[in-house]
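Please look over the structure below, with attention to how its chains meet and to the positions that a database record annotates.

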Amino acid sequence: ATIDAGSGGSTTDKCVYLCGNSLGLQPKRTQTRLNQYLATWATQGVQGHFKPLEGSPLPTWLDADERAAQLIAPIVGASEAEVAVMQTLTANLHLLMSAFYRPDINGKHKIMLESKAFPSDHFAVETQLRHHGLDPSTSMITLTSASSPEDNILTTSEIISAITAHASSTALLLLPGIQYYTGQLLDIPTITAHAHKHSIFVIWDLAHAVGNVPLHLHDWDVDAAAWCSYKYLNGGPGCIAGMFVHSRNSTVTRAITDEKPEEGYTNRLAGWWGNDKRTRFVMANKFHPVKGAAGFQLSNPSVMDITSLSASLELFHEAGGVGRLREKSVRLTAFLEELLLGEEGIVGEEESSLFRIITPRDPEQRGAQLSLMLKPGLLETVMRELEKRAVIVDERRPDVIRVAPAPLYNTFEDCIGFVEAFAAALKVARAERGT
Amino acid sequence: MSCDYPLLVKTFRAGKKPQFLADAKSVDFARQLDAQDKLKSFRDDFNIPTKASLKKKALDGSILGEKKQPPMVNGDGDGEKAVNGVSQSSADTDDDTPSIYFVGNSLGAQPKCIRTHLDAQLETWGSIGVNGHFTSLENSPLTAWQDMAADCAQQSLDLVGAASASEVIYMNTLTVSLHLMMASFYRPTEKRHKIIAEWKPFPSDSYAIASQLQWHGLSPETSLIEIHPDQPGTMCISTEHILSVIDEHADETALLLLPGIQYYTGQLFDIPRITAHARARGITVGWDLAHAAGNVELSLHDWDVDFAVWCTYKYLNAGPGAIAGVFVHERHHHADANANQDSGVVNGLGYRHRLAGWYGADKSVRFNMEKEFRPAEGAHGWQVSNPSAVDLACVRAALGVFGRTSMRELRDKAVVLTGYLEWLLNGLLEDKVGMGGEGQPAFRILTPANPLERGSQLSLLLRSGLLGRVSEKLAEVGVVIDVRKPDVIRVAPVPMYCRFADVWGFVEVFKRALEEA
């Protein structure tokens, strides 16, 4: 990205953009692909749905969802049939819960989530409960950490214990693969396995994990997951999202001609796009889903949006996949951490005392992001000073900034650039505060 | 010959048929109508596929109109062969002649301004990154991202007849928005649990209804009432019959869900009358306006409609699958007003129950990360996630075109366009074009004859066996219509970018296709 660096800076100086955890940068290729899409629409009109064009990198519109599923599957560690590129993150959570959260007030009815969940997850859970006539006071369990009361870094064993404690009444567990505030990466396979021992359905919100850390959703036996595409996937603001449904949860065991065909699949809030593609345009009035995550789709997707996402996913493949990106990411974030802890002498003792890193130190327990908790009253000045120096990071009021060097486009030099600016900002903030 | 355009508008608008004289059956008459068309310049604002471009096998970097001006159809171009005003082109003279694009009811043509809006969005994202959420750049046709959906709502007042922008929001897709509406407005009790719908909704609506019923532990068998056509030999449904079905099940019905315009027949339902009748009996009324928005005039607020949903890629021209639109009547914006109407209100919360997400929270508190959901005002409070900015850029561009005219002006032209098409088609029937061996007509029009009971689309039921060859022949000469197997074609001359000359051209080609089939 280029940004006016203010006084003294040339307008082509790149800024230091470490905000890819909030809004990823725009791949250059996106414009090319979107122009190709516009050209298709303009010249083919409605034919764009089904007519392939030679040499075009774009699939026909009818196949756009399938192509996107092909591209996202390896990024989340699933087969193509287990993923669907669709809708938005919270809508997908609702769609998954509508299908898989079927509470029994006399048995399993509770939904367990963390106490500092991203608010959308909290609202989604709460309103799903209310749909069933349940109340959060009786049917929602929020996890807090006894060992980390201030930051709520939940240890795996704390989560395991909580699951065990509420097992008999818990129907659903909803957790973030990576916690948005602290940057903590949770132990997805272990937690999932333990929940399964107690017949709890597990949905993972992977907003901050997808494209950030390697995921093996199928092998980890994850029941279902959802994510957005505008953070590490660089699809653009509000870009079409995705969901994963493990193959065992998306079976269709009866044909539409069988008796009571609706008993052959998990009922879900349905729409025509979840029907088998071969019969979709037959306009039959009875829903019968195609098996797999595709059967959870409802509508023809925005081709503009899906093209934007697919353009970005091409880059992931060219880069060698998330595993390869992760290798660089671990080093990048470790380097950032070292600098923040005083390496190279950029951050002095006095500045050091003004913040702490709340993200786990163990690289296996975090992704690209580091969350920095500032001493009270410093945030506004620090953000202002960073912006003056063309450094873009994310703030979480009242006291946290999140810094996320994305391996696809950030450099070790960016990390130095950030820390230098951060140290300077802290100095200013300290002076202003008079400490 | 005379051709009094305003009189034609007036006549059709009164639900009557004008007296077309014999000379109306000519390309010159069609051109006369075009000459009087106040909206004719809008056509230049669209990229309409050309005959050549439809046959393209590969992208070649050209967009029609950017290389050279296409010659006028109907013989006014240089050296183009024309018979009766229709190009007799074979592939080598196709060049840039625009197709006759009568599928705006399925996928609207691309407004040229979409490109500038998309470029603005990409430039914003590329220049200021995450700051785009909160920053409006000068010289941009777009607002900050967090305001784009509301901006599109503001552009939709005339489109749907909303009293204020707070009654409209753009979010999700049609079917997902329908589910969100039903989650709020279909709250069945033991007594009131039925949903009344039409017998053959667009399948997505059928699936949505059935799966919503199942989600509540009910089933179509127990709780779905279908309204069947009452008129023998047609697929249309009279208003009286709809009202009588409502009466029959009123006390047990929670929701009436109908399409503003039926996708298959093109029938336009009497939205205000049906809505009033149902609401007076305590029934919540929702409308699927997929084929009505941008097609016919709507006054959703004044008609007291509870909620409505529409897609934006048909008559609104925002592109395949573009973000959908939703209307929620102002009376639902605050919970207490509804306390005695239905069980949708969750007492004590102060707002109607819904499946919620962070983006439905009021903008002023949305980023505070509070655990208490405080919905934004009106329809905006039903958002769940931050919406796609490129999608909204497309919708904004498309709505901007509508903003330069009005639904009233568009509809004035539309009734004449479709009325003229109907008259010409009836002329083919009178002339027994393509008649079968035993005197069976080549086709019949399924759409109501009353101009007030339809939009732009006419659905033609072809005689069995004709569809394949007829649609092939139409495609060969660059006439684009919609095919509904086994026997129906849907033809939609939309006022925004179609011409009377197109209608004439279509009928000429259709006639030849029927004769040769």
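Which residues does Ser204(B) touch, not counting residues up to four places away in sequence? With contact meaning heavy atoms within 4.5 Å, Ser204(B) touches Ala270(A), Gly271(A), Trp272(A), Leu298(A) and Thr175(B). This is a predicted model, in which local features need pLDDT of at least 70 and side-chain atom pairs count only at pLDDT 80 or more, while totals for chains, interfaces and linings use all residues. Residues are numbered from 1 along each chain as its sequence is written, chains are lettered from A and ligands numbered from 1 in the order in which they are written, and side-chain values use heavy atoms, with hydrogens and water left out.

**Ser204(B) and Pro203(B)**

- Pro203(B) lies in helix 8 of chain B, which covers residues 203–215, and Ser204(B) has its place in helix 8 of chain B as well; helices here are DSSP runs (H or I, at least four residues), numbered from the N terminus.
- Pro203(B) counts as buried because its relative accessibility is 1%, and Ser204(B) counts as buried because its relative accessibility is 1%, where buried means under 20% relative accessible area with a 1.4 Å probe and protein chains only.
- The side chain of Ser204(B) reaches across to the backbone nitrogen of Trp272(A) at 2.9 Å.

**Annotated positions**

- In an unreviewed entry, the UniProt annotation "binding site" covers a set of residues of chain B, including Thr175(B), Pro203(B), Ser204(B), Asp288(B), His291(B) and Asn386(B); such annotations may be inferred rather than shown by experiment.
- The annotated residues are spread over 213 residues of sequence and are also spread in space, with up to 30.8 Å between C-alpha atoms.
- From this set, Asn386(B) belongs to the lining of the largest cavity, a cavity being a set of points on a 1 Å grid over the protein atoms alone where a 1.4 Å probe fits but cannot get out, and lining residues having an atom within 4 Å of a point.

**Interface of chain A and chain B**

- In chain A, 86 residues are in contact with 87 residues of chain B.
- The two chains bury about 6,900 Å² between them, 62% of it on carbon and sulfur atoms, where buried area is the accessible area (1.4 Å probe) lost on putting two parts together, summed over both.
- Trp41(A), Phe123(A) and His131(A) supply 11% of the area that chain A buries against chain B, more than any other three residues.
- Between chain A and chain B the count of salt bridges is zero, a salt bridge being a side-chain nitrogen of Lys or Arg within 4 Å of a carboxyl oxygen of Asp or Glu.

How values were computed: 1 Å grid on protein atoms, 1.4 Å probe; cavity = no way out; pocket = protein on both sides within 12 Å on 5 of 7 lines; lining within 4 Å. Helix = DSSP H or I, 4+ residues; strand = E, 2+ residues; numbered from the N terminus. Buried < 20%, exposed > 50% of the residue type's maximum accessible area, 1.4 Å probe, protein only. Polar contact = N/O pair within 3.5 Å; in protein donor to acceptor, adjacent residues only side chain to side chain.
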